[in-house]
Amino acid sequence: MENLINYVVFLLFLGGLFSLVLSVIIIIAKQEHKRSIERERLKVVQQQNPEAVGDIEAKLNDSFEFRKFDFWELLTIWGLQPLFIICFVNLFSAQGTIEVIIAFALTIFIILHEFWTGNQYSKNGWYQFFILVLWVGLFFTISYRDNILKQEKAKTEQTTIDNDKQK
Amino acid sequence: MIELKIKGNKESYQLTKKLDYLDISLTGQFDFNADSRINFRYDNYNLTFENRNKLFKFAEEVRGTSLDKLILTFSKYDFETAFVNNLANKKSTEIGLLKAIFLIYYWIDLPLTNPTDLDLEKQLFNEFVVDWTNQPEPQKDIYFIDKRHVTPTNAPYIQKLIDLNLLASFKVQLIDNTTISTCFIPLVKPGVSRENFVTEFDTKGDKTYSFWKNILKDRDIRITNWINNRF
């Protein structure tokens, strides 16, 4: 059980999580700024042509450019890139077959996500849950593998030292 | 005979809560070399275009024009003066519907002249028609909704959205009497507050509202795909 958590991997994932949340907050802040500028512009237009504008908030939310961003949706859309980087960074310290397979599987999934599923399903609760499971699952897998690889390495080093001593 | 027909609410529901449907239609022969007259029916006015070529040229001129220029373009052709003079009093919702028929005609002109090679239906669902102004400014567009939304079960919701000025219906009747009916988000799409979605069959307005949001989601996915995957 204690093999499931590795402090270095934990720090790596924490860094990834913070970078993700920070970038999403920045995206939302930029969008809100854009919306407030457009809201002011629409208020002026509304006085000249009330029929074309109608309810300002509804018009903003219906448009593509100025729609309100959902925090969880954006978290899902951008959620795979930090995970991708983490898995590649992890390859420096742990070069097992499973790590390489994970990195390549993630590459294929990220292509699918960026081109199709990310836009299509990121509002879907199940898809959001799936991305969350991916994060948690990969955290435990990578921690476990790191611990095991470290122990094996220590073991082989110990045996080589023992062998050298015997000679 | 081919008939293109637009139906929409010309009163702003958000401001006046009134319903006043407007029918605009183009009827005639749309073959490439057809030389017969094309009837242009606008509400109670019966106007005519000399032939298909004149109409095509006119549609090209109308694209991207502001209201003032639109009146100028109309006055150049010999329409009834009462109709042209009336244009100046019309509000933006109505002008948007008037422009829509010419924009859509221009958009589907090729499949109408060459129905064997080009699929008309493909052009009328989940597509954009841009009112291209040739100026560096945000361009307005017409968006045809996806085919899976146009079903008999959705008909009451679509009707409600037409009343709210958020959609307008478009029908094409082809030579072999097949009709294609679709809906589009018009050029002038006002913001409609949430309480206006309430109807008798949908007392909280939730179903109509989520139907509307689904239509918008399709549009947004279409735009995002284009932004992300263009080359």
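Two strands are taken to pair if DSSP finds at least two bridges between them, and in this predicted model the strands β1(B) and β2(B) are joined in this way by 8 bridges and run antiparallel. Within this pair, B:N9 stands opposite B:Y21 of β2(B). The strand β1(B) also pairs with β7(B), again in the antiparallel sense, over 5 bridges, and here B:I6 is placed opposite B:F170 of β7(B). In general, the strands of a sheet pair through backbone hydrogen bonds, in either a parallel or an antiparallel arrangement.

These pairings belong to an open sheet of 8 strands in chain B, whose order is β4-β3-β2-β1-β7-β8-β6-β5 and whose pairing is antiparallel. The edges of the sheet are formed by β4 (45-49) and β5 of chain B, and because each of these has a single partner strand, one side of each is left without a neighbour in the sheet. On average, and with direction ignored, neighbouring strands are turned by 20° against each other.

Helix α7 of chain B, which covers residues 155-163, lies across β1, β2, β7 and β8 of chain B and runs at about 70° to β1(B).

Empty space within the model was then considered, since rolling a probe the size of a water molecule over the atoms shows where such space is left. A search of the whole structure finds 1 cavity of 30 Å³ or more, and the space in this largest cavity is about 60 Å³. Its lining is made up of B:G8, B:N9, B:T93, B:G96, B:L97, B:N165, B:L167, B:A168, B:P186 and B:V188. The elements that contribute two or more residues to this lining are β1 and α5 of chain B, and the largest share, 3 residues, comes from α5(B). By class, the lining of the cavity holds 5 nonpolar and 5 polar residues, with no charged residues. B:N9, one of the lining residues of the cavity, is also the residue that stands opposite B:Y21 in the sheet.

The largest pocket contains about 2000 Å³ of space, and of the 49 residues that line it, B:P138, B:Q139, B:K140, B:D141 and B:L187 are the closest to its centre. Two or more lining residues are given by each of α1 (7-48), α2 (50-53) and α3 (56-62) of chain A, and likewise by α3 (67-76), α5 (92-113), β5 (127-131), β6 (140-144) and α8 (206-229) of chain B. The largest share of this lining, 5 residues, comes from α8(B). The lining residues of the largest pocket divide into 22 nonpolar, 10 polar and 17 charged.

The second largest pocket holds about 1000 Å³ of space. It is lined by 33 residues, of which A:F64, A:R67, A:F69, A:I77 and B:T224 are the closest to its centre. At least two residues of this lining are supplied by each of α1, α3, α4 (71-78) and α6 (97-121) of chain A, together with α8 of chain B. The helix α8(B) gives the most to the lining of the second largest pocket, with 10 residues. The residues lining this pocket comprise 10 nonpolar, 10 polar and 13 charged.

The contact between the two chains was examined last. The size of an interface is often given as the accessible area lost when the parts come together. Chain B and chain A bury about 1800 Å² between them, and 50% of this area lies on carbon and sulfur atoms. The contact takes 26 residues from chain B and 18 residues from chain A. Of the area that chain B buries against chain A, 21% is supplied by B:K189, B:G191 and B:I221, which is more than any other three residues provide.

Notes
Residues numbered from 1 in each chain as written. Chains lettered and ligands numbered in written order. Predicted model: local features only at pLDDT ≥ 70, side-chain atom pairs only at ≥ 80, totals over all residues. Heavy atoms only, no water. 1 Å grid on protein atoms, 1.4 Å probe; cavity = no way out; pocket = protein on both sides within 12 Å on 5 of 7 lines; lining within 4 Å. Points joined across faces, edges and corners; volume = space filled by probe spheres on them. Helix = DSSP H or I, 4+ residues; strand = E, 2+ residues; numbered from the N terminus. Nonpolar A, V, L, I, M, F, W, Y, C, P; charged D, E, K, R; others polar. Axes fitted to C-alpha atoms, helices over the stretch in contact; angles between N-to-C directions. Contact = heavy atoms within 4.5 Å. Buried area = accessible area lost by both parts, 1.4 Å probe.
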